[in-house]
Amino acid sequence: KGELRIQSLTFEDAGMYQCIAENTHGIIYANAELKIVASPPTFELNPMKKKILAAKGGRVIIECKPKAAPKPKFSWSKGTELLINGSRIRIWDDGSLEIINITKLDEGRYTCFAENNRGKANSTGTLEMTEATRIILAPLNVDVTVGENATMQCIASHDPTLDLTFIWSLNGFVIDFEKEHEHYERNVMV
């Protein structure tokens with residue numbers, strides 16, 4: 001195949017590599033540079049979010065994305081408790097922490113630890129639970145004679161500390177009320 005494989009790279013393998021292909025019609029060259037990257041984990045460019053919000057009964061994924069080479073091993077703690085994979089908690093291969101069926105007990109400080117053969121680092125964020133958003137009154141099916149007006153309602157409950165936005169769509173396409181103001185009208189009731 002004309003393939004070169006280098007296993008267990010070291011810094012001495014860095015440099016310019018040249019492939020030469022030759023047959024009876026001639027010879028051709030191609031060059032490539034191999035750079036060896038090695039660094040301890042660092043969260044300098046991509047720290048964990050300081051505040052993470054999760055809806056009650058919902059699911060949250062807390063990302064842990066340090067810069068590191070080679071790829072680090074990850075572990076997590078909540079406060080001083082080391083976390084392990086279980087029925088509600090899962091540590092992904094990329095370092096992210098997933099928690100499902102969020103309860104008030106899940107609130108707290110979460111720390112991601114990253115370690116490779118060059119060093120280790122950690123980053124911490126705080127998880128806060130919010131009330132889940134729920135549709136209280138959903139739009140109903142309506143039969144309307146052509147040319148008449150139709151009104152549809154949607155009422156939702158939500159955590160009072162968060163803003164709520166209603167988005168309407170028709171057959172999967174979001175309605176742009178500014179562009180289609182002659183046909184659609186949005187009435188917001190407080």
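Colleague: In this predicted model, is Cys112 buried or exposed?
Modeller: Buried means under 20% relative accessible area. Cys112 has a relative accessible area of 0%. So Cys112 is buried.

Colleague: Which cysteine forms a disulfide with Cys112?
Modeller: A search of the whole structure finds 1 disulfide. Sulfur atoms within 2.5 Å count as a pair. Those of Cys112 and its partner are 1.9 Å apart. The partner is Cys64.

Colleague: How many residues apart in sequence are the parts that this pair ties together?
Modeller: Cys64 lies in the loop between strand E5 (59-62) and strand E6 (67-69). Cys112 lies in strand E11 (residues 108-116). So the parts tied together are apart in sequence by 48 residues.

Colleague: What is the relative accessible area of Cys64?
Modeller: Cys64 counts as buried, because its value falls under 20%. That value is 0%.

Colleague: Is the disulfide left-handed or right-handed?
Modeller: Look at the torsion about the S-S bond of Cys64 and Cys112. It is about -75 degrees. So the disulfide is left-handed.

Colleague: Which rings make up the aromatic pair, and is it stacked or edge-to-face?
Modeller: The whole structure holds 1 aromatic pair. The ring centres of Phe177 and Tyr184 lie 6.4 Å apart. Their planes meet at 75 degrees, and over 60 counts as edge-to-face. So the pair is Phe177 and Tyr184, edge-to-face.

Colleague: Where does Tyr184 fall, buried or partly exposed?
Modeller: Phe177 counts as buried, at 17% relative accessibility. Tyr184 has a relative accessible area of 24%. The cut-off for buried is under 20%, so Tyr184 is partly exposed.

Technical notes:
Residues numbered from 1 in each chain as written. Predicted model: local features only at pLDDT ≥ 70, side-chain atom pairs only at ≥ 80, totals over all residues. Heavy atoms only, no water. Phe/Tyr/Trp six-rings, centres within 6.5 Å; stacked < 30°, edge-to-face > 60°. Buried < 20%, exposed > 50% of the residue type's maximum accessible area, 1.4 Å probe, protein only. Helix = DSSP H or I, 4+ residues; strand = E, 2+ residues; numbered from the N terminus.
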